[in-house]
Amino acid sequence: MIKNRDIIVISLQAWDIDIGSQCKDIATEFSRSNRVLYVNSPLDRMTILRGRKDPKVKKRMEILRGRADDLIPVKENLWTLYPRTVLESIGRIPWKGLFDLGNRINNRRFARQILSAADRLGFTDFILFNDNNVYRGLHLKEMLSPRLSVYYDRDNLLAMDFWKRHAPRVEADLMRRSDLVLANSDFFTRRALQYNPKSFNVGSGCDITLYERGEHLDTPADIASIPRPIIGYMGALITLRLDLSILLRIAREHPEWNLVLIGPEDETFRSSELHRMKNVFFLGGKRPEELPAYLKSFDVAINPQIVNEVTIGNYPRKIDEYLSLGKPVVATRTELMAEFDGSVYLANYAEEYPQLIRRAMAENSPDREEERRKVARSHSWENNIAGIYRRMHDRMEELHAG
């Protein structure tokens, strides 16, 4: 158990992100027994140039100019920092030496802001928890001198175009420098072990209680009017992670089913044929706390994940969210999803989705629903954070003994 400590969390995901965030949830869980500072990534020059009309950029510019507070209390024991600095936009620089120089400069600017906030809060002997912030976190161990530096790997950034030039070597270097590497899947753990023997799979967590309360919530009007059966998906609708052809197949082959999609869309989704189909309903993005009330109306929940370099090692938290309400789930089979075999209907290819959905509805029962809830409860935040704490505690003991 890690208790009564100071923890600084850095992440690629901002605190004011519009969708649910694994790292925000982890920080919130940490704050139950520790003081936590959640640090947003600073603005870079290209973001300022391109996003001048973006409300989030405008908000950060007001903070930069001193017109708004940079250090904001979120709840007891939890603060978020919007750094008052601007970083250089270096991600697309092709030359290794120039990139490395620029990245060190950026890390130094970032570190100064973190140290300033830590000083104001009275943070001492703190733990640094880095959630996939590859570039901005590379030099922070030496610049911040934390009691323990933890790198948390849960997304395959290396497969994304922006990161391909420098991230493979930088992330490997960051893993070597870190005192501890934690991952949420065997895929990421195997990769981390190549660079740091102190790498462990701690799985993932989910707010099970939030979803278990969903059965008692009122059904939102925009889904209450949609006839059953409802085949539903919750999450970002982006073709980098979802197989659009699976959704089209479900809607075309079964016009008697209604396909409900909840989440923000990318341009490909917005222009897809799905928007012209009478049995497909786009309900837009919802706040995380609203999602259980929508999920209760699903007859079958799906995760039509596309299998590529980006998704192959990811832990789809929505599976636990679906299962926590006892919903039948059909998902694409991956190495990680194989762990859910028996609790989730796994499709090896797109053509299997309709038949598995039919089977999921036909075989559903109260006993099966309770079995699914039990699987979800085993992935509760309580269990997940306990695993993270255990690894952090053991590593600090080793470092102290050394």
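How many cavities of 30 Å³ or more does the structure hold? There are three. They belong to a predicted model.

## The largest cavity

Strand E7 (127–131), helix H5 (140–144), strand E8 (148–153) and helix H6 (167–177) each supply at least two lining residues. E8 gives the most, with three.

Which residues line the largest cavity? Leu 128, Asn 130, Gly 137, Leu 138, Leu 140 and Lys 141 are among them. Ser 149, Val 150, Tyr 151, Leu 174, Arg 177 and Ser 178 also belong to this lining. By class, six residues in the lining of the largest cavity are nonpolar, four are polar and two are charged.

## The second largest cavity

The second largest cavity holds about 40 Å³ of space. Its lining includes Ser 185, Asp 186 and Phe 187. Ile 312 and Gly 313 take part too, as do Glu 335, Leu 336 and Glu 339.

What classes of residue line the second largest cavity? Three are nonpolar, two are polar and three are charged.

## A patch on the surface

Now to the outside of the model. Trp 95, Leu 98 and Leu 101 form a nonpolar patch on the surface. Together these residues have about 350 Å² of accessible area. One of them, Leu 101, lies in helix H4, which covers residues 96–121.

Note on methods:
Residues are numbered from 1 along each chain as its sequence is written. This is a predicted model: local features need pLDDT of at least 70, side-chain atom pairs count only at pLDDT 80 or more; totals for chains, interfaces and linings use all residues. Side-chain values use heavy atoms; hydrogens and water are left out. On a 1 Å grid over the protein atoms alone, a cavity is a set of points where a 1.4 Å probe fits but cannot get out, and a pocket is an open set with protein on both sides within 12 Å along at least five of seven lines; lining residues have an atom within 4 Å of a point. Grid points are joined across faces, edges and corners, and a volume is the space filled by probe spheres set on the points. Helices (H or I, at least four residues) and strands (E, at least two) are DSSP runs, numbered from the N terminus. Ala, Val, Leu, Ile, Met, Phe, Trp, Tyr, Cys and Pro count as nonpolar, Asp, Glu, Lys and Arg as charged, and the others, Gly among them, as polar. Patches are made of residues with over 30% relative accessible area and no salt bridge: like charges are joined within 9 Å, nonpolar side chains (Val, Leu, Ile, Met, Phe, Trp, Tyr) within 5 Å. Accessible areas come from the Shrake-Rupley method with a 1.4 Å probe; for residues, only the protein chains shown count as cover. A salt bridge is a side-chain nitrogen of Lys or Arg within 4 Å of a carboxyl oxygen of Asp or Glu.
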